[in-house]
Structures are given as structure tokens and as C-alpha cells.
Amino acid sequence: VVVVQPQRISIASELPGRISPTRIAEVRPRVNGIIEERVFEQGSEVSAGDVLFRLDRSTYEVAVDAAHATVARAEAVLADALQTERRYASLKERNVASEAEFDATERATLQAKAALAEARAQLRAAEINLGYTEIRAPISGRTGRALTTEGALVSAQGEVLTTIQQLDVVYADMQQPVSELLRLRRALAAGEITEVAPGAAEVRLYLDDGTLYPHPGKLLFSEASVERTSGQVTLRAELPNPEGTLLPGMYVRVWVEQAVRDAAIAIPSQALRRDASGQAQVMLVSAQGTVEMHPVTATRTSGRTVTIEEGLAADDMVIVDGFQKIGPGAPVSPVCWTDPASGDDTPPEACARALDALQTEQTN
């Protein structure tokens with residue numbers, strides 16, 4: 001038997017989810033060219049700005065040289081236009097040159113300045129394109145496999161060369177039935193449970209092999225909209241990933257603590273029985289040491305325990321094991337039950353006191 005004691009129980013859900021990176025970037029070339037070198041190691045960690053690929057630079061270096069020549073020519077034209085403008089300004093002061101001739105030199109100077117500005121812009125564009133021959137990491141993270149090799153001709157904004165995923169912190173995306181959220185809201189409105197403080201909702205992660213992930217995470221948000229086809233609300237949790245254990249696409253089970261209920265009654269799930277109609281019930285030991293059958297209302301199952309909403313009170317003695325040879329009204333000699341999975345066979349103090357009180361009452 002176990003003796004029922006009200007306790008503080010977390011209202012939690014265990015939900016299936018998938019791991020996704022916090023940031024993901026597709027690395028693409030920004031200019032056309034032939035890949036000469038792959039610098040990074042596939043699957044390695046890179047920092048933002050690290051060189052990943054190098055393209056053939058020769059044509060872009062020639063373009064830069066040509067742009068420098070254009071700038072030099074434009075500067076020479078401007079110098080000539082300025083000199084001409086100064087000469088005509090002097091002639092105009094002596095009334096040797098006409099106003100129209102002086103205006104023409106001014107326009108020529110402005111055109112020369114515009115041509116120089118255009119040449120410098122073309123030089124800047126050529127230098128930028130030359131810089132794009134080194135394809136760099138846009139974000140820090142872990143690289144995927146290289147999707148192209150040396151010698152391949154790539155085009156601007158064309159092929160994806162590799163992907164980078166930021167995995168030092170990852171997301172676990174999961175879904176929860178909207179009916180569960182509605183049930184929690186009703187319980188909150190009735191004052192039956194206490195909501196967890198904002199930002200303190202903790203999540204724990206179980207990997208596909210059943211092991212507990214050592215780093216707890218936190219619940220970020222629940223989407224306001226509900227998916228029409230499934231009636232599910234999407235939840236997202238954020239988890240640290242310092243060892244790189246969690247990989248994108250990995251299946252996980254997320255334990256989400258959504259609220260805490262005070263003075264709740266929970267019993268081992270193996271104590272719960274069902275009659276022919278499916279009604280939940282438990283066997284109790286009465287004050288006379290006989291078995292009594294009590295209907296109960298069970299709500300949530302968490303691990304090896306089930307929460308009882310109605311039908312049990314504090315200090316009730318619930319039979320957990322040894323159902324084979326007993327029935328309603330049968331006399332029993334109860335002993336305290338301990339969970340074999342806990343590895344501790346010491347009876348709980350509440351159960352030991354209740355058994356002493358029962359023996360004393362029967363003796364009297």
C-alpha cells in the first residue's frame with residue numbers, strides 16, 4: 001500500500017519534436033567564375049567572414065586595372081577642363097572672351113567631374129567584384145558538405161555551395177493539442193493551479209534512445225494561430241547545445257512544464273484499476289483492515305504516476321500491489337510499498353505511521 005499525501009505537482013506535457021537550427025544560411029557565389037580552391041573542412045566550425053571558396057581572380061583583376069585606367073583618363077580630362085575654365089575666366093575679365101564661351105567651359109568642367117565620379121564608381125564596383133571572388137561565411141556556425149568541387153563553373157546567386165547552421169543554441173519545435181491549452185486555461189481561471197512565472201517555464205529533453213539531455217531549456221512562445229487540419233498549437237523551446245549533441249532534424253521528446261498545482265494527489269499508475277464499463281477505481285484498505293473499492297477520476301499520467309482529481313483524500317491507504325488474491329471486503333495485512341525503480345526500499349514515514357495507527361486501532 002501507499003498512503004496518499006497531497007503534494008506539489010508540475011503540470012507538464014511530453015511532446016514529440018524536431019530539432020532545428022537557430023540560424024541557417026545558404027552560401028552562394030555573388031559573381032560568376034570557376035572555383036579554384038575549397039578552403040574549409042566539411043562539417044567544421046567557421047566564423048562569420050572566414051573564406052570558404054576562392055574563385056579565379058584573373059578576369060576581375062583585369063577589370064580593376066581597366067577601371068583604374070578609366071579613372072586616370074577622367075582625371076586628365078577634368079584637369080584639362082579646369083585649366084580651360086580658368087583661362088576663359090581670365091579672358092572674360094578682360095572682355096576678350098564672350099559669356100557664351102565661358103559658359104561652355106563651365107559645362108565642360110561639370111561633365112568632366114561627372115565622368116570622373118562615374119569612373120570611380122566603376123572602379124569601386126570592379127574592386128567589390130574582385131573581393132567577391134573570395135566567398136566568405138555570412139554567419140558563424142557548422143558547415144555542411146560541399147555541394148560543388150574545384151573546377152566547377154558557378155554563376156552569381158546560382159548554385160548553393162554549402163550551408164552553415166548555427167547550433168550552439170538550437171530550437172525544438174513541437175505541437176500540442178489546443179484542447180490541452182483550453183483545459184489549462186479553465187484550471188487557471190478557477191484558481192486550481194498556479195501559473196509558472198514568465199520566462200521560468202522549463203523544458204527537459206529526452207533523446208531518441210530515451211536518455212535525458214543534460215541541459216535544460218526554456219519555452220519561448222506558443223503560436224496564436226491553430227493549424228486547421230490538426231487542431232495543434234506550435235510550441236518552440238530553446239536549448240543550449242555546447243557539445244553539439246543535438247543535430248537539425250533529430251527527433252526528440254520534450255517535457256514541458258506549463259504550471260504547478262498545489263495539494264494535488266498522485267498515486268502509482270499501477271494502482272489504478274478499471275471496471276467492465278471503463279470506470280477508473282482504486283482499492284483502499286479500510287480502518288477495519290478490509291478491502292474497499294472506490295471510484296476515482298484520473299486526469300494526467302506523468303511517468304509512473306497518475307494524478308487523481310476526485311475520489312481520494314489525504315491519508316487514504318491505496319493498494320498498489322498484490323491484487324491477485326484479494327477482493328472487496330477481504331481482510332488484508334498491509335505493508336508499505338516502495339518503488340523498485342527508485343532503488344530505495346525504505347518505507348515512507350507517512351506510510352509507516354499509518355500502518356502503526358491501523359494496527360493500534362485493530363488491537364484496541
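**Close-up 1. Q166 sits in strand β9.** In this predicted model, Q166 is tucked away: its relative accessible area is 15%, and since the cut-off for buried is under 20%, the residue counts as buried. Leaving aside residues up to four places away in sequence, Q166 touches P21, T22, R23, S140 and G141.

**Close-up 2. F40 and F53 make an edge-to-face pair.** The search for aromatic pairs comes back with a count of one. The ring centres of F40 and F53 are 5.3 Å apart and the planes meet at 75 degrees, which is why the pair goes down as edge-to-face, the cut-off for that label being over 60 degrees. F40 belongs to the loop between β3 (33–38) and β4 (45–46), while F53 is in strand β5, so the pair ties together parts that are 13 residues apart in sequence.

**Close-up 3. C336 and C351 are joined by a disulfide.** Searching the whole structure turns up one such link. Its sulfur atoms are 2.2 Å apart, and the angle about the S-S bond is -110 degrees, making the link left-handed. The pair connects distant parts of the chain: C336 comes from the loop between β20 (317–318) and α4 (349–363), and C351 from helix α4, 15 residues apart. Both C336 and C351 are buried.

**Close-up 4. Helix α1 runs over residues 58–93.** This helix has 36 residues and spans 53 Å from first C-alpha to last, close to the 52 Å expected at 1.5 Å a residue. Which residues of α1 are buried? They are Y60, V64, A67, V71, A74, L78, A81, T84 and E85. For a sense of the spacing, an α-helix has 3.6 residues a turn, so residues three or four places apart point the same way. Part of what covers the buried residues of α1 is α2 (99–131). Just after α1 comes N95, with a positive phi of about 60 degrees.

**Close-up 5. Q157 and A263 take positive phi values without being glycines.** Q157 has a phi of about 55 degrees and is found in the loop between β8 (153–154) and β9 (162–177). A263 has a phi of about 55 degrees as well, but its setting is strand β14 (residues 251–268). How accessible are they? Q157 counts as exposed at 54% relative accessibility, and A263 counts as exposed at 58%.

Close-up 6. Where pLDDT is low, the predicted coordinates should not be read in detail.

Key
Residues are numbered from 1 along each chain as its sequence is written. This is a predicted model: local features need pLDDT of at least 70, side-chain atom pairs count only at pLDDT 80 or more; totals for chains, interfaces and linings use all residues. Side-chain values use heavy atoms; hydrogens and water are left out. A disulfide is a pair of cysteine sulfur atoms within 2.5 Å. Helices (H or I, at least four residues) and strands (E, at least two) are DSSP runs, numbered from the N terminus. Buried means under 20% relative accessible area, exposed over 50%, partly exposed in between (1.4 Å probe, protein chains only). The expected span of a helix is 1.5 Å times one less than its number of residues. Contact means heavy atoms within 4.5 Å. Rings of Phe, Tyr and Trp (its six-membered ring) pair if their centres lie within 6.5 Å; planes under 30 degrees apart count as stacked, over 60 as edge-to-face and the rest as tilted.
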